[in-house]
Amino acid sequence: MTDQFTFKLLATDGGARRGKISMPRGNVRTPAFMPVGTGGTVKAMYLDQVRDLGSDIILGNTYHLMLRPGAERVARLGGLHDFARWPHPILTDSGGFQVMSLSGLRKLDERGVVFRSHIDGAKHEMSPERSIEIQGLLDSDIQMQLDECIALPAEPAEVQRAMELSLRWAERCKTAFGDQPGKAMFGIVQGGDVPELRVKSAQALNSMDLKGYAVGGLAVGEPQAVMLDMLSITCPELPENKPRYLMGVGTPDDILKSVARGIDMFDCVMPTRAGRHGLAYTRFGKINLKNARHADDPRPLDEESTCPAARDYSRAYLHHLVRSNEALGAMLLTWNNLAYYQSLMAEIRDGIASGKFVDMAARISEGWARGDI
Ligand SMILES: Nc1cc(N)c2c(=O)[nH][nH]c(=O)c2c1
């Protein structure tokens, strides 16, 4: 056990990195995938199941939790770990991204954002300081700076304005976070699809000597090639001895290609949201269980999987559950999808450690391309 937040780079294979984040609530093996636990729950899963699949850390959404049940209420009840019965590390986002994507954003200026709740329309103000305060009330282990993420494509002048505002907000978040040895506040690199702005943002955040760095402003509508190009430009500007977190990413293919460019941490709603919509991620590719072709298929999703949802249920049954909109359909497919994502992360970590990342990635990609699923 440790009372400090530390990152150790254990191995590299080309641009891919194998590492370990250590903090008082536990260790995170990187590259790591963080299941999204929006309102203190990973939808359609028991958190013990999430843990048993190999999840070292989950993500909590500050926007949702501040609106309901409320950060002060969670604090009174002992913090998010006790509230949700998840004693392991939690990363919380700043809330800013979801303010701008979910709420009725009323105003954004130097002070912060003013918005109306998508739940009851109540007015809220979120400054960099308030975002860090809320994440502290949640007792979050890794807290994200408040930033402004703009959708792509965007005018370079607008990208620059948002990037520079985010840098000023990073300084304010660093000051508000103060010195919490066992916790971390990560800065977020912005700069859109403009290489020189990405470099400027990364170098400025680097000079703040933060405990970790996220790459934001991607997975916001740009082609995968643009995202990957921005990673190839950004990651070399970030310190080797700090974790790098790509926000909101992604598909298994996104993850493989982003690990190859130096990313250590990922979060994405894709496996959980897809599971609720009848989609299964497998080593053979993605399977849409709504499709009638599965109605009489006695095969499981993957008879070699260690996950009962993938190994013990026929595609015909899963198709029936999905078409009947049965809750068990969402539960089993979410279970399968998170199991697949965590098995992919374990395979990636092993591939890097053994110096076989490139061959491993090629083999996995070939499996997806088989198509006879
Ligand atoms: N794709 C993205 C998902 C996210 N949750 C975020 C975010 O929380 N902050 N900033 C970002 O740029 C961002 C990008």
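How do the residues of the lining of the largest pocket divide into nonpolar, polar and charged?

Mentor: They divide into 14 nonpolar, 11 polar and six charged. In that count, Ala, Val, Leu, Ile, Met, Phe, Trp, Tyr, Cys and Pro are nonpolar, Asp, Glu, Lys and Arg are charged, and the others, Gly among them, are polar.

Some ground rules before we go in. This is a predicted model, where local features need pLDDT of at least 70 and side-chain atom pairs count only at pLDDT 80 or more, while totals for chains, interfaces and linings use all residues. Residues are numbered from 1 along each chain as its sequence is written, and side-chain values use heavy atoms, with hydrogens and water left out.

Now the pocket. On a 1 Å grid over the protein atoms alone, a pocket is an open set of points where a 1.4 Å probe fits, with protein on both sides within 12 Å along at least five of seven lines; lining residues have an atom within 4 Å of a point. The largest one holds about 730 Å³ of space, the volume being the space filled by probe spheres set on the points, which are joined across faces, edges and corners. Its lining has 31 residues, and Asn61, Phe97, Gln98, Asp267 and Val269 lie nearest the centre. Helix 5 (96-102) and helix 11 (270-276) each put at least two residues into that lining; helices here are DSSP runs of H or I with at least four residues, strands are E runs of at least two, and both are numbered from the N terminus.

The ligand sits in this largest pocket, meaning more than half of its atoms lie within 2 Å of the pocket's grid points. Around the ligand you'll find Phe97, Asp147, Cys149, Ile188, Gln190, Gly216, Gly217, Leu218, Ala219, Met247 and Gly248, each with a heavy atom within 4 Å of it. That shell splits into six nonpolar, four polar and one charged.

Next, the polar contacts, which are pairs of N or O atoms within 3.5 Å. An oxygen of the ligand is 2.9 Å from a side-chain N or O atom of Gln190. A ligand oxygen also comes to 2.5 Å from a polar backbone atom of Gly217, and a ligand nitrogen is 2.8 Å from a polar backbone atom of Leu218. On its own the ligand has 330 Å² of accessible area, and the protein covers 94% of that, going by the Shrake-Rupley method with a 1.4 Å probe.

For contrast, look at the second largest pocket, with about 570 Å³ of space. Of its 29 lining residues, Arg283, Asp302, Ala339, Tyr340 and Ser343 are closest to the centre. Helix 14 gives the most to that lining, with 10 residues, and strand 15 (279-282), helix 12 (308-311) and helix 15 (357-369) are among the elements that each supply at least two. The division there is 12 nonpolar, eight polar and nine charged.

Definitions and conventions: Polar contact = N/O pair within 3.5 Å; in protein donor to acceptor, adjacent residues only side chain to side chain.
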